Amino acid sequence: MSRGLHPLSPQPSPPSGAREPGTLSPQGRGQGEGWRHRFRAVRHVTFTIGFVITLALLATAALSLVYTPRDPLEMSISGRLQGPSQAHRLGTDQFGRDLLSRIMTGAVTSILVGVIAVGIGMGIGVGLGMLSGYFGGWLDEGFMRLMDAIQGFPAILSALLMAAVFRPSLAISMVAIGVAFLPVFARLTRASFLEFRDREFVLAARALGAGDVALIARHILPNTLPPLIVQATISFPVAILAEAALSYLGLGTQPPHPSWGLMLKESQAFLGMNPWYAVFPGSAIAVTVLGLNLLGDGLRDLLDPKLSG
Amino acid sequence: MRRYLLRRVAALLATLFFVSVLVFIVVHVLPGDPALIIIGPEGSPEAAARLREAMGLDRPLPVQYADWVGHALRGDLGRSIQYDVPVASLVLSRLQVTLPLTLLAGGFMVAAAVPLGVFAATRHRRLPDYVTMALSQLGVAVPGFWAGLLLILLFSVRLGWVQSGGFDGWGQGVWPAVKSLLLPAVALGFFQFAVLARTTRSAVLEVLREEYVKTARAKGVGETSVLFRHTLGNAMIPILTVAGIQLGQLMAGSIILESVFYLPGLGRLALGAISARDLPVVQGVVLFVASMIVMINVAVDILYGVLDPRIRYE
C-alpha cells in the first residue's frame with residue numbers, strides 16, 4: 001500500500017494554519033487583528049452557544065466539589081422516588097437520594113472520563129501517527145493495520161473484554177474509550193506528518209543539521225496541532241456518551257458513586273413510578289454533549305473555515 | 001480490479017490477525033490469570049493449577065495463540081463454562097436477534113438520513129436545511145439507550161401500545177419478532193441517522209456545485225433529473241463510506257440497546273458471561289463482533305472500487 005491514506009478512507013482534516021518559520025503566530029499579530037479574531041469567535045453563534053454550555057458544565061462540576069444541595073449519597077427511605085419539589089428540585093431516586101446533587105456530582109465523573117480517555121487516545125495515537133508518518137515503510141504499514149484492527153473494537157467491545165479479565169470499573173471504561181480513540185488521532189497525525197515532512201521549511205531545517213527528534217518536535221509537530229485540538233474537542237463528547245453507555249451496562253462507574261449512565265440504568269425499573277428519574281440524567285447527557293459538539297463545530301470553523309459545512 | 005481486490009483482501013487478513021492478537025493479549029498476556037478468573041477467588045491453588053493444565057495455559061504463549069486461532073478458523077471458539085455448549089453455537093443462536101436488530105436499525109438510519117440530507121441540501125440555507133441540521137445535532141447528542149428508555153416510557157408505560165422489552169423468537173412468526181425489535185431499532189437508528197444525514201447533505205451540496213451540474217441545468221435538464229441522475233450517484237461514495245462505518249457502529253450499539261429492551265442477543269450473552277466468569281464466551285463474542293466490524297469496513301472499501309474505477313488504479 002502506498003504511504004498516503006486510502007483516498008476514500010475517512011479523511012482526517014488537513015492541518016490548517018500551518019506556520020512556516022518567519023511567519024507570525026496568532027499571538028504575534030497586531031493588536032487590532034487579535035481583537036478581530038476574538039470578535040469573530042464571539043460572533044460565531046455555534047461556538048458561543050457551545051462555549052456557554054461547556055462553561056456551565058465546568059462550573060457545575062467545580063461547584064459540586066464544594067457544594068451540593070444535599071449529600072449525593074445520603075439516603076432517605078421515606079422520601080423515595082419523589083418528583084421535583086421545593087426540597088428536591090429534580091426529585092429523588094429509589095433510595096431517596098437527591099437527584100440534583102447526584103447529577104451535579106456526575107458531571108465531575110463525565111469530565112474526568114472525557115479528559116483521561118481523550119488524553120490516552122491522543123497521547124498514544126499522536127505518538128504512533130508521528131512514527132508512522134515520519135518514518136513510513138513497513139513501520140507505517142504495520143501501525144496502520146494495527147489501527148484498522150483497533151477500529152474493529154468500539155469502546156463497548158474493549159470494555160466487555162477487559163471487564164471479563166479484570167473487574168468492571170471506571171478505570172476500565174476510561175482505558176477502553178481511550179483505546180477506541182487511538183486510530184483517529186494516529187491517522188490524523190500521520191496525515192499531517194506525510195504532508196509536512198517534505199515541505200521546504202522541513203527540508204531547510206534538515207539541511208541545516210536538525211536531527212529527527214528536532215525536526216519532529218520543533219518543526220512538524222507544532223503544525224499538526226490545530227486539527228488535533230479540534231479532534232480532541234470532537235472526541236470529548238463522544239467519550240462522555242461512551243462512559244454513560246458503559247456505566248449503563250454496569251461496565252463503568254460502580255454504585256453508589258453517581259454517574260449519569262448508571263442513574264439511567266437504575267431509573268429503568270422505576271419508569272412508571274417516577275419518570276423524571278430517567279428524564280433528568282438523560283437531559284444532562286444530551287445538553288452536555290450538544291454543548292461540546294457545538295463548541296467543537298465552532299472551533300473547527302474558526303480554526304479551519306475551509307471545513308465548515 | 002483483481003489487483004485492487006487482492007490488496008484489500010491482504011489488508012483484511014493482516015487486520016484480522018491483529019484483531020485476534022489484541023483479543024489474545026487482553027485475555028492471556030495482561031496481568032490476570034484466566035484460570036483464576038474462571039475458578040474465582042474461592043477456588044484452591046491446586047484446582048487453579050489443574051484447570052490451567054486442562055486449558056493448556058501452561059504451554060508457551062505462541063503455542064497457545066496458534067492453537068486458539070487454529071480452532072477459531074475452523075469455527076471452534078471454545079466451550080461455554082456456564083452453558084456447557086460450544087461458544088460458536090451460542091453466538092449463532094444469539095445472532096438471530098443482534099443481526100436483524102442491526103439491519104433494521106441500519107434500514108431506519110438510511111431511510112431517514114438520505115432523503116432528509118438530500119432535502120436539506122436542495123434547500124441550502126433555508127428553513128428545512130436549518131431544521132435538518134438542528135435535528136442532526138440533537139440526534140448526535142441523545143444517547144441511543146436514553147432514547148430507548150424514553151420510547152419505553154411513551155409507548156409502553158404511558159400508551160401501553162407495546163411491551164417494554166423481551167423477544168419471543170422467530171417461532172411465533174416474522175411480524176411478532178420484528179415488532180419486538182422496532183423500538184430498539186428506532187432508538188439505535190436515530191442516533192446514527194444524524195451523522196449520515198449531515199454527510200449526505202455535505203456530499204450532495206458539493207456535487208451540486210460541480211461544473212457538470214451547472215452545465216446540465218444550462219442545457220435545460222429538469223431538477224429531478226439533475227438530482228437523481230447527475231448528483232446522487234456521484235455523492236454516493238462519501239454516503240456509502242459513512243453508512244458502512246455506521247453499520248459496524250450499529251452492531252456495537254445493538255449490544256447496549258439489547259440491555260435496554262431485554263433482548264437475548266450477543267450483548268446480553270457477553271454481559272451475562274462476565275457475571276458468570278464465562279471467559280470463553282466473552283472472548284468469542286468480542287472476537288466475532290470485532291471481526292464482523294473489520295470485514296464490513298473492508299467490504300465498504302471494496303465497494304468503492306466497484307463504484308468508482310479511479311480508485312482501483314490508485
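## Exercises on a two-chain predicted model

Confidence here is pLDDT, the predictor's score for each residue, from 0 to 100. Helices (H or I, at least four residues) and strands (E, at least two) are DSSP runs, numbered from the N terminus.

This is a predicted model, in which local features need pLDDT of at least 70, side-chain atom pairs count only at pLDDT 80 or more, and totals for chains, interfaces and linings use all residues. Residues are numbered from 1 along each chain as its sequence is written, while chains are lettered from A and ligands numbered from 1 in the order in which they are written.

**Exercise 1. State the confidence of chain B and the scores of the model.**

Step 1. Chain B has a mean pLDDT of 88. In chain B, 98% of the residues reach 70 or more.
Step 2. The model has ipTM 0.87 and pTM 0.85.
Step 3. Where pLDDT is low, the predicted coordinates should not be read in detail.

**Exercise 2. Describe the make-up of chain A.**

Step 1. Count the elements: chain A has ten helices and zero strands.
Step 2. Check burial: 50% of the 309 residues of chain A are buried (20 or more other C-beta atoms, placed from the backbone, within 10 Å of the residue's own).
Step 3. Take the contacts in chain A with a separation of 6 or more: 72% join residues 24 or more positions apart. Two residues are in contact if their C-beta atoms, placed from the backbone, lie within 7 Å.

**Exercise 3. Work out what chain B brings to its contact with chain A.**

Step 1. The contact takes 40 residues from chain A and 49 residues from chain B.
Step 2. Helix 12 of chain B gives the largest share of chain B's side, eleven residues.
Step 3. By class, that side has 37 nonpolar, nine polar and three charged residues. Ala, Val, Leu, Ile, Met, Phe, Trp, Tyr, Cys and Pro count as nonpolar, Asp, Glu, Lys and Arg as charged, and the others, Gly among them, as polar.

**Exercise 4. Decide how helix 1 and helix 12 of chain B are oriented to each other.**

Step 1. Their axes come within 10 Å and cross at roughly 160 degrees. Axes are lines fitted to C-alpha atoms, for helices over the stretch in contact, and angles run from 0 to 180 degrees between N-to-C directions.
Step 2. Helix 1 and helix 12 of chain B are therefore roughly antiparallel (angles over 145 degrees).
Step 3. Their contact has 16 nonpolar, five polar and two charged residues.

Technical notes. Parallel < 35°, antiparallel > 145°, perpendicular 65-115°, else oblique. Buried ≥ 20, exposed ≤ 12 C-beta atoms within 10 Å, placed from the backbone.
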